[in-house]
Amino acid sequence: MSRLASGVVLVTAQEPPLDATDPHAPGGEDVGMTATAFLSVSLDPPLVMVSVREGSRMDDLLDEQPLWAVSVLSENQRHVAGRFAMKGRISDRLLFADLPHIRGEASGAPLMEGALATLECRTEQRVTAGDHTLVIGRVLTATAPHADGGPLAYFRGRYRRLD
């Protein structure tokens with residue numbers, strides 16, 4: 001499958017607050033994950049799907065948090081993809097700290113500035129498939145900001161530009 005080129009996205013979600021009944025409780029942390037298994041499922045209704053490793057932090061979070069977001073990364077955002085793909089990485093809070101992003105109005109999740117497109121989704125269905133969970137989301141918002149360059153691609157184990 002390393003010979004199948006794919007686009008690269010950053011999937012993000014915000015953990016719910018520790019105590020939703022306490023207005024002074026700290027808010028939940030932002031979580032991000034680089035994904036290359038992301039695709040459009042349906043135009044009517046608008047559905048997309050992302051594959052996440054079963055038992056991963058993102059899988060656990062999306063099991064309890066139905067709202068999430070996707071930033072379709074541009075060729076100039078290879079550093080973003082690499083950051084959120086690292087195993088044994090530092091806190092996601094620190095990974096987001098110096099990355100320009102805005103909060104999605106529907107999901108509250110970070111959306112990367114400079115992305116080719118951004119989507120906010122609500123989980124419709126979760127399907128176990130081997131060692132992964134396929135998360136199907138209804139698109140709530142979609143934007144295509146004016147970003148420079150082409151898409152970031154993943155092919156034969158490396159991030160690449162389309163030439």
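**Pockets and an open sheet in a predicted model**

By class, five nonpolar, five polar and four charged residues form the lining of the second largest pocket (Ala, Val, Leu, Ile, Met, Phe, Trp, Tyr, Cys and Pro count as nonpolar, Asp, Glu, Lys and Arg as charged, and the others, Gly among them, as polar). The model is predicted, so local features need pLDDT of at least 70 and side-chain atom pairs pLDDT 80 or more, while totals for chains, interfaces and linings use all residues. Residues are numbered from 1 along each chain as its sequence is written, and side-chain values use heavy atoms, without hydrogens and water.

**Second largest pocket**
- Its volume is about 160 Å³ (a pocket is an open set of points on a 1 Å grid over the protein atoms alone, where a 1.4 Å probe fits, with protein on both sides within 12 Å along at least five of seven lines; lining residues have an atom within 4 Å of a point; the volume is the space filled by probe spheres set on points joined across faces, edges and corners).
- Of its 14 lining residues, I102, L111, T118, E120 and T143 are the closest to the centre.
- Strand β9 gives the most to this lining, with three residues (strands are DSSP runs of E, at least two residues, and helices of H or I, at least four, numbered from the N terminus).

**Largest pocket**
- The largest pocket has a volume of about 880 Å³.
- Among its 30 lining residues, M33, T34, A35, T36 and H132 lie nearest the centre.
- Strand β3 contributes the most, five residues.

**Sheet**
- Three strands, ordered β1-β11-β12, form an open antiparallel sheet (strands pair if DSSP finds at least two bridges between them).
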